[in-house]
Amino acid sequence: MKDFSLSDVRLFTKAAQLGGLTPAADVLNVPKASASRQLQRLEATVGHLLLHRGSTRFALTEEGREFLVAAQHVLTILDDVMLNLSSGGNAVTGRLRIVVPHYYGRALLMSHLPAFMTAYPQLEVVVETGNDRADLFRDEADVAIRRGRDGCDELVARHLKDEALMLCATPDYLAPHPAVESLQDFSRHVFLTTSADGRKREVHLAAVDKTHRVRVQSAFRSDDMELILQLALSSRGIALLPVSLAQPQVDRDLLLPVLPQLKLKPQEINLVYLPARRNSPKIKTFVDYVLSIFRSS
């Protein structure tokens, strides 16, 4: 196996991130004349063209995209190790990038993130809501809170909680529409859901016993549960929502349970991160912090 120059790999990843060799060279303080030679040397070592480059075109080749994933992963691990060693082995510093669904980002982080940031003032925290499907292998985030276990097989998944779900709608929506006494009755109703599964006029309802494919009049889908709640409160349809979000509205008689005899399967909420980064001080500290919150709640 041929040896790689770490500076060549870093230049390539920065060029892919910034969209050009010139801005990458500027950021890394590499002479522009040598930047092109470094990239050519890396491509010779890899044995493939990694970038299409010209006066009007700059894009990764197929081999370049594959190499970028591995390169970013390796550089992130090395940077973590170097930072850890240089700071005495256990300092919580650097940048922690967290991705969470809208609702859980607000419900969890709004209450608890300030105390975490106070405890670790040297750690820069970056939070992105609404993107719990970020690709951690492509270095799009350090940790993610996800609904369900899809895509978690190659990650460390720490179970946080099982979120109970319910179907609900306003009395004003239900009054002029056909009564919902069975799954088949949904065919004449509008459905509001965060699920991306199914076709335009079909939704998947995961019950305790099985997943039901249900025909509906139409389905509105969004990854923002609070938007779904607001649409439900505006009498736009029947919503599938976490009980923790819907129950306060049910208690105020603003929403009514729909088909409560259908026992819906609770949704898993997991905190995920890469196995290779389990010993990163910033990730380990944040994971332990979040787990302690859920254990005490």
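Which residues does D8 touch, not counting residues up to four places away in sequence? Here are some notes on that and on a few other spots.

1. Some ground rules. This is a predicted model, where local features need pLDDT of at least 70 and side-chain atom pairs count only at pLDDT 80 or more, while totals for chains, interfaces and linings use all residues. Residues are numbered from 1 along each chain as its sequence is written, and side-chain values use heavy atoms, with hydrogens and water left out.

2. D8 and its partners. D8 sits in helix α1, residues 6-18 (helices are DSSP runs of H or I with at least four residues, strands are E runs of at least two, and both are numbered from the N terminus). Leaving aside residues up to four places away in sequence, D8 touches Q38, R41 and L42, where contact means heavy atoms within 4.5 Å. With Q38 there is a side-chain to side-chain polar contact at 2.9 Å (a pair of N or O atoms within 3.5 Å; within protein, one must be able to donate a hydrogen and the other to accept it, and residues adjacent in sequence count only if both atoms are side-chain atoms). D8 has a relative accessible area of 3%, so it is buried (buried is under 20%, exposed over 50%, partly exposed in between, with a 1.4 Å probe and protein chains only).

3. The sheet. Five strands make an open, mixed sheet in the order β4-β3-β5-β14-β6; two strands pair if DSSP finds at least two bridges between them. β4 (123-129) and β6 (156-163) are the edge strands with a single partner each, so one side of each has no neighbour in the sheet. Strands β5 (residues 143-147) and β14 (residues 267-273) run antiparallel and are joined by four bridges, with R147 opposite I269 in β14.

4. Aromatic pairs. There are five in the structure (Phe, Tyr or Trp rings, the last by its six-membered ring, with centres within 6.5 Å; planes under 30 degrees apart are stacked, over 60 edge-to-face, the rest tilted). F12 and F67 form a tilted pair, 5.6 Å centre to centre with 55° between the planes. The pair links helix α1 to helix α4 (residues 62-86), 55 residues apart, and both F12 and F67 are buried.

5. F116 is in helix α5 (residues 102-119) and Y289 in helix α9, so the pair ties together parts 173 residues apart in sequence. F116 is buried at 1% relative accessibility, whereas Y289 is partly exposed at 22%. Ring pairs join F116, Y120, F286 and Y289 into a cluster.
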